[in-house]
Amino acid sequence: MAKKKNKSAPTEDVLESSFTSSIPPAASSKPKVKTPQPQPSTSALIICRNKHWRYISSFHGPWLQLPPEVLESLANNNYNLPRPRPIDPAVFFDLLKVRQLVDEATNLSVRAASGITSSSLNNSSNAGNGMLGNAGAVLGLGGGGGGNAKLSPERKHRMREQATQKLSKAYHLDEIACSVATMQSASTLEDVAQLVLKRNPSDPEAKYVHFFHEKIPSRQLAECTSLDPLDEIIAVRPYEGEILRTRAVTKIFKDDWAGAVQDLTMALQVARYYQSKHTDDRQQIQLASEAAAEAQRRQNSRWKEETKLDEEDHPSSLETQLLFHRAGVYLTIACQHVNDALLPKVAQNGVNGRKTENRAHNGEADWVENSPELTTAEKEARRKRLEARKIVKTNAKRALRDYLSYLSQFDYTPGLSSEVTAEFLHKVNAATNGFSSAQQKLTKVLDLGSNSSLSTGALSDALVQRNGNQSTRSISSSSTPRSSSLPSLPSPTVHQISALFSATPPSDLPPYPDTQTHLATKQQILSQTTQSSLLGDYNEALTYHPLLTDALHSLLLCHCLVQTSKAELLRHAHMVSRLARVCDGYPIFQAARSPSRADWIEVVRRGENWIGLSQTWEALCAPAPLPGQAPGNVQKESEAERKERLKQQAIMEALEDDRVHDEASFHAAVAARQRRQMEDEGLVNGKGAAKRWAQDDGKEYPISTERAAAIVRWVREAPLGGEGGGAKKKKKSAKSSKRPAANGNGVEESMAHLTTEDTEEFERVEEEVE
């Protein structure tokens with residue numbers, strides 16, 4: 001739930017200890033803090049700092065152009081829908097409030113910049129519409145009169161202060177969405193906070209807004225950004241999780257991962273403290289008369305009148321934002337220690353001149369490391385590698401925990417199965433054929449006596465308990481009797497998305513990918529099509545969030561670092577592709593770009609598809625067909641259309657690359673991707689030679705990111721078992737070093753003990769972090 005506007009400072013025993021809380025050993029091992037440059041280069045493009053913010057492309061969409069009234073209606077309708085709602089209500093309400101605040105701030109800043117009062121503008125327009133037109137206003141015959149009235153400097157300052165306060169509130173709600181909204185607004189918003197600071201340098205609201213609107217050279221945020229303004233605001237307001245979130249994201253740009261983890265952890269504690277404290281009695285109880293009125297209104301006109309949620313009851317998205325950011329920091333820390341956790345890439349002369357290959361999963365490299373002939377320096381290097389492996393796996397498990405907590409905020413439904421829909425159609429047909437007018441009259445009589453608890457028939461004023469966070473639709477179904485003659489359509493089962501990635505996923509999920517190869521008769525196809533057309537959209541659906549696609553693919557990257565077994569990782573990959581094909585934010589959001597999705601595709605590609613995907617990732621994540629639509633009617637594209645499609649795909653992938661900063665790098669990125677497409681086509685058609693994905697795909701411009709390259713190397717070279725565990729693992733590895741495995745039994749034993757040991761270690765890490 002949303003926080004109260006005026007918050008009292010929490011008790012010290014709840015929050016103050018978090019400032020001095022211990023930093024995770026992985027995060028504090030290698031902090032990389034860059035000192036800002038006092039005088040940056042002025043040759044680069046000068047733009048506002050908020051244009052550099054991460055995941056801005058995920059929040060683009062038609063919500064920026066929709067009228068606020070339409071957006072408000074859509075937000076309320078989305079909240080009143082049954083679970084799973086099409087879009088996360090917390091994000092939807094944040095978008096609505098951000099649009100309203102930015103529009104109001106734009107109006108105030110434009111009026112202050114023009115210096116003309118609103119009444120003067122209205123009078124001037126009224127005078128221009130008279131019989132004499134503008135000439136009447138010149139002669140003083142119009143109804144305007146003071147068309148030249150100007151605002152005083154003090155009035156301009158107050159208007160800019162109000163605009164700054166509204167922008168600060170919008171940035172508190174969601175800094176990414178507010179950054180996107182301000183880009184679409186008037187340019188006067190960029191300087192409004194700076195003008196306020198000239199008269200009041202200590203205004204915290206103006207400092208916060210100016211931090212986003214300050215002009216800096218393009219792609220030099222880390223070098224040209226100081227944390228002093230945010231530190232000053234936090235010193236005045238130490239218990240605002242939104243300011244801590246902004247400072248944490250800035251520290252991510254400056255590669256201060258330890259500081260980012262500390263700020264995000266503190267902000268999470270603050271957010272959870274206020275969320276538990278915010279309990280509104282109006283969401284717990286309501287009058288029985290109100291419940292009956294709502295039920296009757298829904299029975300008569302189901303979608304004409306919807307419940308409008310009060311602003312103080314809007315759900316908050318702060319905890320979701322913090323979980324996503326902290327999980328990303330943990331994943332980055334894990335990837336940064338991969339190279340330190342493995343043997344050097346080139347090991348021509350191993351121990352005592354022996355040549356060792358960098359394929360640690362076969363047990364050979366581990367046997368060489370545990371050899372008693374190691375020198376003191378080699379033992380120290382081995383100790384550092386073991387410590388780095390522990391850091392990799394510990395932070396990957398922490399990231400996995402935060403991503404699962406993030407996914408638990410959203411819902412998924414498998415829809416209704418074909419057996420249920422067929423039975424429902426059978427019941428409807430049977431009930432309709434035997435439905436009589438006498439039963440209709442009886443139903444009306446029962447409806448009139450629905451309030452049978454009172455002898456007078458009047459509505460009760462007693463208080464009834466509301467059923468949790470469910471919408472009033474559940475009250476309607478429970479308080480209003482339905483006719484027993486007509487069957488009711490069963491509600492589809494709803495699961496948390498995080499439950500799909502548990503050790504025992506729900507059993508009612510439809511098979512995906514579909515492996516059935518039997519032939520269906522024409523009559524069966526027509527029967528299925530008829531059922532789908534009668535029942536409407538009863539298919540798989542989920543609650544959309546702009547960052548959901550990136551979180552799902554990041555989950556797979558975490559499983560790679562945790563060394564999940566191939567079978568489990570394949571199941572998780574199929575689950576992610578199942579969700580990605582129905583993940584759609586239209587008509588509010590555009591399709592989101594996902595860096596993690598690109599890295600996962602690269603990992604599967606360079607890892608030679610070690611988990612055994614039956615199709616390409618693009619084919620698995622292709623949008624699901626609409627209900628009743630035959631998926632087989634696909635027109636074959638011509639050669640020219642195929643080349644144009646591949647060219648556009650290469651261009652779009654190059655535009656999504658963060659390393660593209662000028663025309664030369666753009667052309668290099670497009671050329672590298674076109675070469676890869678040609679190589680893939682040659683391999684599919686059998687025209688090309690076998691390729692080793694460990695080689696660089698483009699010498700001129702590397703396509704793979706550093707994170708993808710690190711995860712690929714970890715998948716290929718990391719020893720199974722996990723030397724990053726406790727003392728038991730070290731003892732077992734020491735025993736196994738006396739007799740190296742000569743066949744695959746050693747690998748199977750390592751896999752078997754990996755499952756149990758990693759589970760115990762994961763639980764221990766959770767207790768340590770929390």
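Which side-chain oxygen reaches to within 3.1 Å of the backbone nitrogen of Ile 176 at the start of helix 8? The oxygen belongs to Asp 174, and the pair is a polar contact (N or O atoms within 3.5 Å; within protein, one must be able to donate a hydrogen and the other to accept it, and residues adjacent in sequence count only if both atoms are side-chain atoms).

Colleagues, this is a predicted model, in which local features need pLDDT of at least 70 and side-chain atom pairs count only at pLDDT 80 or more, while totals for chains, interfaces and linings use all residues. Residues are numbered from 1 along each chain as its sequence is written, and side-chain values use heavy atoms, leaving out hydrogens and water.

Let us stay with helix 8. Helices here are DSSP runs of H or I, at least four residues, numbered from the N terminus. Because eight of the nine residues in helix 8 (residues 175–183) are buried, the helix is largely enclosed by the rest of the structure. Buried means under 20% relative accessible area, exposed over 50%, and partly exposed in between, with a 1.4 Å probe and protein chains only. Among the buried residues are Glu 175, Cys 178 and Thr 182. Their cover includes helix 4 (89–114) and helix 12 (241–253).

Glu 608, by contrast, counts as partly exposed, at 49% relative accessibility. Glu 608 sits in the loop between helix 25 (595–606) and helix 26 (617–620).

Finally, the largest nonpolar core has 131 residues. Such a core is a set of buried Ala, Val, Leu, Ile, Met, Phe, Trp, Tyr and Cys residues joined through side-chain atoms within 4.5 Å. Ile 497, Phe 501 and Leu 561 have the most contacts inside it.

Notes
Helices (H or I, at least four residues) and strands (E, at least two) are DSSP runs, numbered from the N terminus. Contact means heavy atoms within 4.5 Å.
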